[in-house]
Amino acid sequence: MLSDKVSSANFRKIAVIINDKMMEVKETIDSDFQEAISSSEKTIIKYYADWCGSCKLFSPKYKRLADDERFSGINFLKVNAENNQEARKAAGVTNLPFFAIFESGKLMETLASSKEEAVVELLNKLN
């Protein structure tokens, strides 16, 4: 059986390819930020820092939202706010974790929260 011969991580990658439903959360940096937000009509960005405990706790929730069919047309990005000042300035990041939604490269709304329900409400504004 295929699943006996590959690790669960590789099996999940195979599932992504086969089902083409699961979305990946892509890391972006200053040098490719404008292209990243302009390449998709709808984008959400999670700003985080390596030292931020709430950011770390929210990571699996963010990945789960990226995989949620309700948000299949949305590009999910993440940005290390400490290392990417230009991307941080583009959204006016004030606290972490911080979320920003963009439509066709234009900033629409921001949110500083670690509550999944609040991020879902933000995502719903893109649908």
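Ser40 is buried, with a relative accessible area of 16% (buried means under 20% relative accessible area and exposed over 50%, with partly exposed in between, for a 1.4 Å probe and protein chains only). The model is a predicted one, in which local features need pLDDT of at least 70 and side-chain atom pairs count only at pLDDT 80 or more, while totals for chains, interfaces and linings use all residues. Residues are numbered from 1 along each chain as its sequence is written, and side-chain values use heavy atoms, with hydrogens and water left out.

The protein has six helices and five strands (DSSP runs numbered from the N terminus, helices being H or I of at least four residues and strands E of at least two). From the N terminus, their order is α-α-β-α-β-α-β-α-β-β-α. Of its 127 residues, 37% are buried. Among contacts (heavy atoms within 4.5 Å) between residues at least 6 apart in sequence, 68% link residues at least 24 apart.

Ser40 itself sits in the loop between helix H3 (33-38) and S2. The Ser40 side chain comes to 3.1 Å from the backbone oxygen of Lys42, a polar contact (a pair of N or O atoms within 3.5 Å; within protein, one must be able to donate a hydrogen and the other to accept it, and residues adjacent in sequence count only if both atoms are side-chain atoms). Residues up to four places away in sequence aside, Ser40 touches Asn75 and Ser104.

Two strands count as paired if DSSP finds at least two bridges between them. S2 pairs with S4 in the antiparallel sense over six bridges, with Tyr47 standing opposite Phe98. S2 also pairs with S3, in the parallel sense and again over six bridges; here Ile44 has Phe76 as its bridge partner.

In helix H6 (residues 116-124), the buried residues are Val119, Val120, Leu122 and Leu123. These four lie on the same side of H6 because they cover an arc of only 160° around the axis, the arc being that of the directions from the helix axis to the C-beta atoms. Glu117 and Glu121 are exposed on the face turned away from the buried side. Among the elements covering the buried residues are S2 (42-48), helix H4 (53-67), S3 (75-80), S4 (98-103) and S5 (106-112).

Finally, a disulfide (a pair of cysteine sulfur atoms within 2.5 Å) joins Cys52 to Cys55, with an S to S distance of 2.4 Å. The torsion about its S-S bond is about 75°, so the disulfide is right-handed. Both cysteines, Cys52 and Cys55, are buried. Leu96 is in contact with Cys52 and Cys55, and its partners beyond four places in sequence also include Tyr47 and Trp51.
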